[in-house]
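Student: I would like to learn how to read aromatic contacts in a model. Please take me through them one at a time.

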Amino acid sequence: MNRTNAGAGTTVGGRLRWGILLTVTALVLAGAAIYAVGAYQRFEESRTANSSVGVTAGQPLPEVPFVLFRNTASGQGYGNAATVPLSAPAGTRAVSEQACERVYGTASMVVCLKSNRGLVTTYEAAVLNRDWQQERAWPVPGIPSRTRISPDGPMIATTVFVSGHSYTQAGFSTATEITVPDGGTGNLEDFALFVNGERLLSSDRNIWGVTFAPKQSDVFSATAASSGRIWLVRGSLAEKTLTAIRDNVECPSISPDGTRIAYKKNIGGPLTAHWNVALLDLATGEETVLPEKRSVDDQIEWLDDQNLLYGLADEDTDGDSNIWKLATDPASQPSLFIEHAWSPSVVR
């Protein structure tokens with residue numbers, strides 16, 4: 001009799017504990033759902049509030065030259081692709097209805113890397129025409145990081161984080177692809193990588209930060225990394241090869257005249273990265289480190305043959321950033337170019 005009562009008591013106690021656990025779990029899930037709905041509502045309200053800068057809407061791409069960028073000013077149009085005339089970077093910005101994490105463009109098209117947020121967040125690359133209408137799109141396998149278009153327009157490079165959110169994060173993994181107009185895609189991790197004349201067979205590799213050479217539709221440069229080493233590589237889409245030409249070069253950007261590469265140079269360690277802005281003269285191999293003391297984790301854009309642009313997170317406001325200008329003269333100092341902006345693309 002006592003054993004039966006003890007067994008019954010154990011069963012009742014177990015059911016009670018399970019009931020309490022299920023109740024607590026339901027309350028936690030309900031609380032998380034309420035918080036998510038509230039956060040989404042606050043986000044949507046912030047996007048429809050009055051913008052903190054002068055904006056116009058509903059305009060096609062302007063006549064060249066202009067600057068394309070991601071608008072990070074609070075209020076209406078936050079996170080959307082926008083433009084300003086090159087002659088008036090601080091003026092009224094034309095903000096599209098296209099939300100992008102990264103943008104890059106030409107006079108006739110824009111590449112927009114998107115995050116489609118929902119119960120499961122998905123990511124895609126979209127090609128938009130002059131009227132901001134989507135012409136084609138394809139999924140990308142991770143968080144948007146970099147994108148570029150070849151000068152003559154047919155090739156589009158995208159880099160995303162498959163794992164990790166930063167180039168300073170241990171174990172990050174990237175996927176970089178070059179897409180051509182017929183819809184074909186080349187994953188650069190499948191290309192043959194040559195270092196010092198020998199093919200590197202290690203599967204531990206990451207490729208990111210593509211830049212296309214002017215007037216050479218098949219040639220591009222990028223960053224390759226394997227086993228703790230990083231190289232500037234020259235790539236050929238036709239031959240599906242990557243050839244290392246210099247160490248410690250990240251996110252290269254070829255100048256409009258094709259004579260120099262601007263890039264970020266890590267002077268810290270793998271987990272304490274600090275990226276200086278540097279220049280490489282392709283004819284002489286001479287490297288010049290420019291006097292930007294802040295760490296620049298961006299793929300630099302050339303304003304012209306003598307000036308560079310790059311984005312930096314705003315020090316005072318989460319989710320905001322600014323575009324800075326720096327001359328290639330080693331005696332120059334950075335200056336604010338477009339406030340509340342990110343991902344610059346100069347369209348000439």
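Student: Which residues form one aromatic cluster?

Tutor: In this predicted model, the cluster is made up of Phe 161, Phe 172 and Trp 208.

Student: How many aromatic pairs does a search of the whole structure find?

Tutor: The search returns three aromatic pairs. One of them joins Phe 161 and Phe 172.

Student: What describes a pair of aromatic rings?

Tutor: Two quantities do: the distance of the centres and the angle of the planes. For Phe 161 and Phe 172 these are 6.2 Å and 85 degrees. Planes over 60 degrees apart count as edge-to-face, so Phe 161 and Phe 172 form an edge-to-face pair.

Student: Where do Phe 161 and Phe 172 lie?

Tutor: Phe 161 belongs to strand S10 (residues 156-163), while Phe 172 is in the loop between S10 and strand S11 (173-179), so the pair ties together parts that are 11 residues apart in sequence.

Student: Is Phe 161 buried or exposed? And Phe 172, buried or exposed?

Tutor: Buried means under 20% relative accessible area. Phe 161 has 5%, so Phe 161 is buried. Phe 172 has 16% and therefore also counts as buried.

Student: How do Phe 212 and Phe 220 pair?

Tutor: Phe 212 and Phe 220 are edge-to-face, at 6.5 Å centre to centre with 65 degrees between the planes. Phe 212 is buried at 7% relative accessibility, and Phe 220 is buried at 0%.

Student: Which charged ends sit over a ring?

Tutor: The charged end of Arg 70 sits over the ring of Tyr 78, 5.6 Å from its centre. That of Lys 264 sits over the ring of Trp 275, 3.8 Å from its centre.

Note on methods:
Residues numbered from 1 in each chain as written. Predicted model: local features only at pLDDT ≥ 70, side-chain atom pairs only at ≥ 80, totals over all residues. Heavy atoms only, no water. Phe/Tyr/Trp six-rings, centres within 6.5 Å; stacked < 30°, edge-to-face > 60°. Helix = DSSP H or I, 4+ residues; strand = E, 2+ residues; numbered from the N terminus. Buried < 20%, exposed > 50% of the residue type's maximum accessible area, 1.4 Å probe, protein only. Lys NZ or Arg CZ within 6 Å of the ring centre and 35° of its normal.
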